[in-house]
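Visitor: I would like to learn how to read an interface and a few backbone angles. Where do we start?

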Protein chains: 2
Amino acid sequence: MQIFKEKALLTAYLKTIWDKNCAIGFIPTMGALHQGHLSLIKKSILNNDYNVVSIFVNPTQFNNSQDLEKYPRTLERDIEKIKTVCPGCIVFAPSVDDIYEGKTNSISFNYDGIENEMEGKHRPGHFDGVGTIVKKLFEIVQPTNAYFGEKDFQQLQIVKKLVSKNNLKVNIVGCPIFREENGLAMSSRNERLSKTDREEASIIYKTLVTAKEKFGTKSAKEVTKWIENSFKKNKNITLEYFEIAEETTLKTCNRKSKNKKYRAFIAVFIDNIRLIDNISLN
Amino acid sequence: MQIFKEKALLTAYLKTIWDKNCAIGFIPTMGALHQGHLSLIKKSILNNDYNVVSIFVNPTQFNNSQDLEKYPRTLERDIEKIKTVCPGCIVFAPSVDDIYEGKTNSISFNYDGIENEMEGKHRPGHFDGVGTIVKKLFEIVQPTNAYFGEKDFQQLQIVKKLVSKNNLKVNIVGCPIFREENGLAMSSRNERLSKTDREEASIIYKTLVTAKEKFGTKSAKEVTKWIENSFKKNKNITLEYFEIAEETTLKTCNRKSKNKKYRAFIAVFIDNIRLIDNISLN
């Protein structure tokens with residue numbers, strides 16, 4: 001396993017690989033790795049000659065400084081976890097200064113408006129930060145394939161848009177959500193939940209499954225209303241949003257139309273910890 | 001006068017100026033300078049300690065390869081013209097390779113939709129190219145103030161949006177259109193017009209002035225219809241578009257509303273040469 005903490009050293013090493021014309025798989029992460037991340041690495045191994053995992057808590061995508069501060073940082077443990085699934089992995093764990101060179105500005109790319117929906121609405125500047133770091137990392141790593149989890153489904157669509165609108169030469173692979181036994185979507189933020197919170201959080205996925213059952217006979221509006229009401233009774237979990245949207249535009253829809261794919265999206269707060277999840281409705 | 005043909009040499013020189021905390025005025029051009037450009041330089045001299053003029057025909061903003069090929073390139077003459085108004089000017093005339101380093105990709109920035117109107121609609125990818133080169137040049141020159149002509153009014157709004165959405169530290173100054181005696185807006189492309197074409201092209205400005213007179217008593221739709229009809233009778237000039245739009249969003253409007261500013265925009269072809277112009281309706 002090779003570990004690089006500076007982009008200059010990583011690219012010097014990668015140069016020998018680029019020249020060979022091999023496939024490079026890239027899994028960008030913010031660390032605090034869980035089974036979801038490891039499933040992305042496993043998928044990458046199957047289709048690439050070299051695999052690069054980056055571990056970098058990107059400051060420009062946090063709209064909330066407390067969230068940035070409290071985001072778990074567990075580099076040594078992360079490296080051990082990567083070793084278990086990919087001993088030959090190339091790990092890139094740079095500092096903020098190495099990446100941003102003193103200017104932690106984010107760039108506002110064109111995402112055809114999908115940046116204004118859901119997460120974009122509730123986390124101002126978030127997707128500018130995501131696009132900025134993803135483009136920077138793509139330029140450093142120059143991967144053939146890059147792997148993103150569907151838990152952050154809107155982020156996956158944002159990255160796809162970034163690639164298509166800017167003709168970046170990388171294939172984006174979306175990977176299914178990895179869930180804990182009680183259905184809770186794996187997330188680094190889960191580490192901050194108490195044991196009770198973690199049990200209660202299983203309601204998120206249960207809600208999505210119920211929404212999926214109801215959608216079709218009921219309209220998106222009716223399903224949404226029903227879910228908003230059900231959360232009003234919940235003392236420990238605050239619903240930030242629930243939306244049923246078309247998969248590519250992420251615009252709220254009302255009734256199903258043929259040939260289109262829909263998803264239900266949810267964001268909640270438990271004990272000041274923000275969790276998101278989504279489910280395909282097709 | 002200092003002339004630099006490589007960005008590394010320019011920035012080495014500018015470093016001594018940045019340290020002094022002086023105001024740097026920047027006039028990005030594609031060369032083939034005319035009185036309009038010189039008026040921007042004159043404006044810059046008044047408000048800055050140093051003045052940088054770039055001369056660079058940017059390939060990524062041309063959607064038409066013939067237009068790129070035929071774009072006039074007159075570096076020696078341009079330098080002589082700059083000398084007449086600003087003998088102490090810093091001129092930056094880099095090669096395409098020096099600027100793009102082998103990758104002539106353009107970046108699709110977020111302009112809140114104004115990139116989809118008028119010029120954006122008729123010149124696919126044009127504003128991606130404009131934003132890409134302007135951001136690159138701002139990063140190289142790091143100017144205090146940058147000057148853009150209102151002839152390319154939509155471009156001016158695009159640059160303002162680029163700056164505001166990406167928190168770039170530069171003040172954008174829009175400067176009025178410079179016209180030939182017959183009213184034709186100064187443009188480097190005018191050099192390609194025959195003498196007769198140049199005379200006929202005076203109809204463009206006359207049309208805008210008439211539009212201004214009519215708008216207010218007539219709706220935007222009526223004015224547009226009238227202008228479209230009048231060009232149908234013209235054998236030598238083909239109208240590409242005429243639009244009356246609100247100044248900040250550049251969305252077509254119908255009737256005037258208070259507290260908003262409007263402009264009429266026009267694009268025509270004369271002998272395969274594309275010319276644009278606009279006029280304030282307030």
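Visitor: How many residue pairs are in polar contact across the interface of chain A and chain B?

Guide: Keep in mind that this is a predicted model. Across the interface of chain A and chain B, six residue pairs are in polar contact, both partners at pLDDT 80 or more. By class, the side of chain A that touches chain B has six polar, three charged and two nonpolar residues.

Visitor: How many salt bridges are there between chain A and chain B?

Guide: The count is zero.

Visitor: Which numbers describe the extent of the interface between chain A and chain B?

Guide: Take the buried area, then the residues in contact. The two chains bury about 1,000 Å² between them. Carbon and sulfur atoms carry 36% of that area. Eleven residues of chain A are in contact with eleven of chain B.

Visitor: Now the backbone. Which residue of chain A has a positive phi although it is not a glycine?

Guide: Asp271(A), with a phi of about 55°. Asp271(A) sits in the loop between strand S8 (262–270) and strand S9 (273–280) of chain A.

Visitor: Is Asp271(A) buried or exposed?

Guide: Compare the relative accessible area with the cut-off: exposed means over 50%. Asp271(A) has 54%, so it is exposed.

Visitor: Where does Gln142(B) lie?

Guide: In the loop between helix H7 (126–141) and strand S5 (145–149) of chain B. Gln142(B) also has a positive phi, about 50°, and is not a glycine.

Visitor: What is the relative accessibility of Gln142(B)?

Guide: It is 40%, so Gln142(B) counts as partly exposed.

Note on methods: Residues numbered from 1 in each chain as written. Chains lettered and ligands numbered in written order. Predicted model: local features only at pLDDT ≥ 70, side-chain atom pairs only at ≥ 80, totals over all residues. Heavy atoms only, no water. Contact = heavy atoms within 4.5 Å. Buried area = accessible area lost by both parts, 1.4 Å probe. Salt bridge = Lys/Arg side-chain N within 4 Å of Asp/Glu carboxyl O. Polar contact = N/O pair within 3.5 Å; in protein donor to acceptor, adjacent residues only side chain to side chain. Nonpolar A, V, L, I, M, F, W, Y, C, P; charged D, E, K, R; others polar. Helix = DSSP H or I, 4+ residues; strand = E, 2+ residues; numbered from the N terminus. Buried < 20%, exposed > 50% of the residue type's maximum accessible area, 1.4 Å probe, protein only.
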